[in-house]
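Trainee: Please show me how to read the local features of a model, one at a time.

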Amino acid sequence: MCLSDVERHWSFQPLRRALPSAASAVRDRLRECAAWIPEAGAVLDLLEKCPEHQKKGGFPVVVFEGLDATGKTTVTQSVKDTLNGVLLRSPPTCISQWRTIFDDEPAPIKRAFYAAGNYILASEIAKASTQAPVIIDRYWHSTAAYTIATEINGKVQDLPPVHDEVYQWPEDLLKPDLVLLLTVDPEERVRRLQRRGLEKTKEEAELEANSLFRQRVEESYRRMVNPACQEVDASPSKEEVLKTVLQLIKKHCAL
């Protein structure tokens, strides 16, 4: 049985509730759970100190997105060194120690934590971009892509349609100048993970075990707009990938 457009629209409402689309919604959700999760109160305190509608400085802001083991850590460090920039990560250092606590919470609380991390990070980006190029290891698109892929079961065709509001950048969140999505084929990514030998997060284990989940994450990244992700094949050597990335930054950013 085929769903009508209206029925499909309403079928995605739980997803939209799981993905807070403004800082006010993030604050409300953290307040609701602060009574039994003290760390939510601590995150809320940090979020309350961030000015609303952050604006970036005169230097470019470049975000790197992608699944684990696509080379983000290596590339972001190399780009930061090459451009004499500042490297930031999401969730930011000031709240990353609570990540494991929120990863065990229900989806709405977990996503509020990661969304809050983006707004807190925006405050750091605003300051840093007045002094140097800013390179970011994950930002809003990661929060959105993993939320969409987790909340929606099934195949890529079951995702919200292209141009759905869930793929939009929040209006009150500082935007980067460029978002680069690093990709490698699934077999190479698994080989890299095995070589690293690191303990997997729940979502990383799910990515490895469930090819449909991985496909939903990657397709969600590709559907993001305003700004969209520019895809970069990260399979070649580190030197080649760095060269490609620097060319894209030079093309799209004022350096």
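Mentor: Start with proline 227, which sits in the loop between helix 12 and strand 5 (230-233). Helices (H or I, at least four residues) and strands (E, at least two) are DSSP runs, numbered from the N terminus. The model is predicted, so local features need pLDDT of at least 70 and side-chain atom pairs count only at pLDDT 80 or more, while totals for chains, interfaces and linings use all residues. Residues are numbered from 1 along each chain as its sequence is written, and side-chain values use heavy atoms, with hydrogens and water left out.

Trainee: What kind of peptide bond joins asparagine 226 and proline 227?

Mentor: The bond between asparagine 226 and proline 227 is cis, with omega at about 10°. Serine 90 and proline 91 are also joined by a cis peptide bond, where omega is about 0°. Proline 91 belongs to the loop between strand 2 (86-89) and helix 6.

Trainee: Is arginine 138 buried or exposed, and is histidine 163 buried or exposed?

Mentor: Read relative accessible area: buried is under 20%, exposed is over 50%, and partly exposed is in between (1.4 Å probe, protein chains only). Arginine 138, with 13%, is buried. Histidine 163, with 67%, counts as exposed. Over the chain of 255 residues, 51% count as buried.

Trainee: How many helices and strands does the chain have?

Mentor: The chain has 13 helices and five strands.

Trainee: Which residues of helix 13 are buried?

Mentor: They are Val241, Leu242, Val245, Leu248 and Ile249. Seen down the axis, these buried residues fall within an arc of 130°, so they line one face of helix 13. The arc is that of the directions from the helix axis to the C-beta atoms. On the face turned away from the buried side are the exposed residues Glu239, Lys243, Lys250 and Lys251. Among the elements covering the buried residues of helix 13 are strand 1 (61-65), helix 5 (72-83), strand 4 and strand 5; contact means heavy atoms within 4.5 Å.

Trainee: Which residues of helix 4 are buried?

Mentor: In helix 4 (residues 38-48) the buried residues are Ala40, Gly41, Val43, Leu44 and Leu47. Their arc around the axis is only 160°, so they are on the same side of helix 4. The cover over them includes helix 3 (23-33), helix 6 (93-96), helix 7 (99-103) and helix 8 (107-128).

Trainee: What does cysteine 33 touch, leaving aside its neighbours within four places in sequence?

Mentor: Cysteine 33, in helix 3, is in contact with Ala40 and Ile109. Isoleucine 109 is 76 residues from cysteine 33 in sequence, but their C-alpha atoms are 7.6 Å apart. Cysteine 33 is buried, with a relative accessible area of 2%.

Trainee: How many disulfides does a search of the whole structure find?

Mentor: A disulfide is a pair of cysteine sulfur atoms within 2.5 Å, and the search finds zero. Cysteine 50 is in none, since the definition asks for sulfurs within 2.5 Å and the nearest cysteine sulfur, that of cysteine 94, is 7.7 Å away. Cysteine 50 counts as buried, at 15% relative accessibility.

Trainee: How many cavities of 30 Å³ or more are there, and which residues line the largest cavity?

Mentor: Rolling a probe the size of a water molecule over the atoms shows where empty space is left. On a 1 Å grid over the protein atoms alone, a cavity is a set of points where a 1.4 Å probe fits but cannot get out, and lining residues have an atom within 4 Å of a point. Points are joined across faces, edges and corners, and a volume is the space filled by probe spheres set on them. By this rule there is one cavity of 30 Å³ or more. The largest cavity has a volume of about 50 Å³. Gly66, Leu67, Thr70, Leu181, Leu182, Thr183, Val184, Glu218, Tyr221 and Arg222 line it. Strand 4 (178-183) and helix 12 each supply at least two residues of this lining. Glu218 and Tyr221 are also among the buried residues of helix 12.

Definitions and conventions:
On a 1 Å grid over the protein atoms alone, a cavity is a set of points where a 1.4 Å probe fits but cannot get out, and a pocket is an open set with protein on both sides within 12 Å along at least five of seven lines; lining residues have an atom within 4 Å of a point.
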